[in-house]
Amino acid sequence: MKTSSSEIEGDIRYLRLLAQSFPNIADASTEIINLQAILNLPKGTEHFLADLHGEYKSFQHVLKNASGNIKRKVNEIFGNELREAEKKELCTLIYYPEEKLELVKAAEPDLNDWYHITIHQLVRVCRDVSSKYTRSKVRKSLPEDFSYIIEELLHERTDDVDKAAYVNEIISTIITIGRADDFIIAIAHVIQRLAIDLLHILGDVYDRGPGAHIIMDILGGYHNWDIQWGNHDILWMGACAGNKACVCNVIRLSLRYANLTTLEEGYGINLVPLATFAMEHYADDPCAEFMPNTTGGSAEIDDKTRRLTAQMHKAITVIQFKVEAAVIARHPEWGMEDRLLLNNIDFNRALCSVGDKEYEMKSCHFPTVNPADPYALTPEEAVLVDRLTHSFTVNEKLHKHIRLMLSHGSLYTIINDNLLFHASVPLNADGSLKDVELGEGQKYAGRELMDRVDRIIRSAFQSDTDPSEKRFATDYFLYLWCGRDSVLFDKSKMATFERYFLKDKETYKEEKGNYFKLRDDGSVCDVILDAYGVTGPNRHIINGHVPVHAASGENPIKAGGKLMVIDGGFSQAYHKETGIAGYTLVYHSRGFQLVQHEPFTSTEDAILRGSDIKSTTQIVEMSAHRMLVADTDIGRELKRQIADLEKLLYAYRHGFIKERR
């Protein structure tokens, strides 16, 4: 690149700052050489997961086995050297080193020999997974206790006659001094870490499954990840921000799936006041329509607990309808008045008006609803909802996890020519971007809409936000959850009331927005990609949100490969519906592969019998050449840094800036 004196003069202030990091020609030259070399390394492997829904055991296992990638590498490295049972044992050791070591030590007659063989095998696997990274990057991933030793073993080989004794002596000494277990655990975790360079979560960590809080703890310690918020994540964020309607929805969904683990054990939310209230007011109510859904893996509960859960479920649902009405009344611009159905009930005839028709109700027992003022909270309900909301807004652990969501997340991400978002881009019927009003008299569409909504979400958690703006932001979480033009919902309605109370299933229908109707059209995907500024010959949209019905033949690859929907149903509640147990989209240096997972049995089964998630890999798109760092967003940034350093060299050589030794 040719550099002129005028360019240097224009950038002189920036170059002087850069010179503080690279004070002379030698330092700047070394960095250019380093960056140029990095550009020619293979692209790091990205993993995309969506809709985890609290299934922490499956999620943990997918991270540990890198969506089957570690097993594939073990097969490639050892081929016919090892029997299938031996390769399975090695994989299990890499996934669960602490637990597997205890089993081995109890059964292995010659432990020292096993240590020697196994450490050599682990070093070979680690060498393979680290081969696409710089020594500096690998070094940063190594545990402090064994950093030097692992680095030596990775770069010295036993097939080098001059170094064979050196390598063997290192391993022998590790065993002799009693550090073999610690070393095996350390290198297994390094293999897990290096197998996935970057993890993308396309929303919905929360609800349904028992361990959303555990997933957030895992992500809090993970080396490189981002998240595109889902509608269920937004619901919990709204509850944390103090939106009473979101609080009620969070509790209702937990009761609906008989899954209170995240609420009670994860965050310590006390539901005893709700239970007491429900037993008092719904003692004579069979609450048949509120019996919890315990299919798909929820823990079995006895009849007494099931009955109490149903009573609590109905109690919080009625309160939810009341507090939602107050939010909707404050925002007529949302056009959600059709969701106010409590005041459409004819209590004497047990009928409810929806639109211009009357529908028969399943039950009409509302002990806390005043027909003359159906949305008024009773004094007890008001105290209860305030108490529950307070327990969310002051919850330290929940706030910690929501801060993680905010710092690592956004509504969308553009990376390596891929547009990632959880659910939808609101569209008109002709496929053009839809203008959506956000309550301030201005309309937004496409990228500008998501950018504005992102700022609204963040403002709910900022101490310096104007009080009126903060009230709107807090209210807006409800619209994001169930509003017609929400980027996280995009349906005609959320038929919660109808499903619980009306007999006619026709009223349950929720018409999907135009995005879901048109997303199979490649030209519509191009309109969206253009609007978001995504370029490149192989650009894609990647979504979650709507489960793919693989069992009935639905293809997750849509619009001629421009759109990938990777919600394969991690949640056990979806397994019968989807026929599988989740997808992982893997983007490595050779291209895209979609990994389809079968249900995970258990961690215990994986450790004791070496069972793994059975996965089927579908090649989505392979590159004609092996992609390098130079082909990625990081590569483009490195090229800009190289150009800046070349300007700095010019400035040194022509006397604009003096070198420092």
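This is a predicted model: local features need pLDDT of at least 70, side-chain atom pairs count only at pLDDT 80 or more; totals for chains, interfaces and linings use all residues.
Biologist: Let's start with sheets. In what order do the strands of the three-strand sheet run?

Modeller: The general idea: strands of a sheet pair through backbone hydrogen bonds, either parallel or antiparallel. Strands here are DSSP runs of E, at least two residues long, and helices are runs of H or I, at least four, numbered from the N terminus. Two strands pair if DSSP finds at least two bridges between them. In this case the order is β4-β5-β6, an open sheet with antiparallel pairing.

Biologist: Why is one side of β4 and of β6 left without a neighbour in the sheet?

Modeller: Because β4 (345-346) and β6 (357-360) stand at the edges, each with a single partner strand. β4 pairs with β5 (residues 351-354) over two bridges, and D346 has L351 in β5 as its bridge partner.

Biologist: And the five-strand sheet: which are its edge strands?

Modeller: That one is open too, in the order β8-β9-β12-β14-β13, and its pairing is mixed. At the edges you'll find β8 (412-415) and β13 (557-558), each pairing on one side only. β8 meets β9 (residues 418-421) in the antiparallel sense over four bridges; look for Y412, opposite F421 in β9.

Biologist: How many residues are in the hairpin that joins β15 to β16?

Modeller: Two residues make the link. β15 (residues 583-588) and β16 pair in the antiparallel sense, over six bridges, and one spot to check is T584, whose bridge partner in β16 is V595. β16 (residues 591-597) is mostly covered, with six of its seven residues buried.

Biologist: What counts as buried?

Modeller: Under 20% relative accessible area; exposed is over 50%, and partly exposed is in between (1.4 Å probe, protein chains only). Just after α14, G242 takes a positive phi of about 105 degrees.

Biologist: Which residues does H232 touch?

Modeller: Contact means heavy atoms within 4.5 Å. Leaving aside neighbours within four places in sequence, H232 is in contact with H53, D204, Y206, D207, R208, L253 and W481. H232 is buried, with a relative accessible area of 6%, and its side chain makes a polar contact with the side chain of R208 at 3.5 Å. A polar contact is a pair of N or O atoms within 3.5 Å; within protein, one must be able to donate a hydrogen and the other to accept it, and residues adjacent in sequence count only if both atoms are side-chain atoms.

Biologist: Is D181 buried or exposed?

Modeller: Buried, at 17% relative accessible area. D181 is in helix α12 (residues 180-195). Its side chain makes a polar contact with that of Y115 (2.5 Å), and beyond four places in sequence D181 is in contact with L101, K105 and Y115.

Biologist: Now cavities. How many are there of 30 Å³ or more?

Modeller: Rolling a probe the size of a water molecule over the atoms shows where empty space is left. On a 1 Å grid over the protein atoms alone, a cavity is a set of points where a 1.4 Å probe fits but cannot get out, and lining residues have an atom within 4 Å of a point. Points are joined across faces, edges and corners, and a volume is the space filled by probe spheres set on them. By this rule the count is three.

Biologist: What lines the largest cavity?

Modeller: There are 16 lining residues, with Q320, F321, E324, R339 and M494 nearest its centre. The space is about 180 Å³, and α18 gives the most to its lining, five residues.

Biologist: Which residues line the second largest cavity?

Modeller: D207, R208, G209, A212, W236, L253, S254, N259 and T262, around a volume of about 60 Å³.

Definitions and conventions. Residues are numbered from 1 along each chain as its sequence is written. Side-chain values use heavy atoms; hydrogens and water are left out. On a 1 Å grid over the protein atoms alone, a cavity is a set of points where a 1.4 Å probe fits but cannot get out, and a pocket is an open set with protein on both sides within 12 Å along at least five of seven lines; lining residues have an atom within 4 Å of a point.
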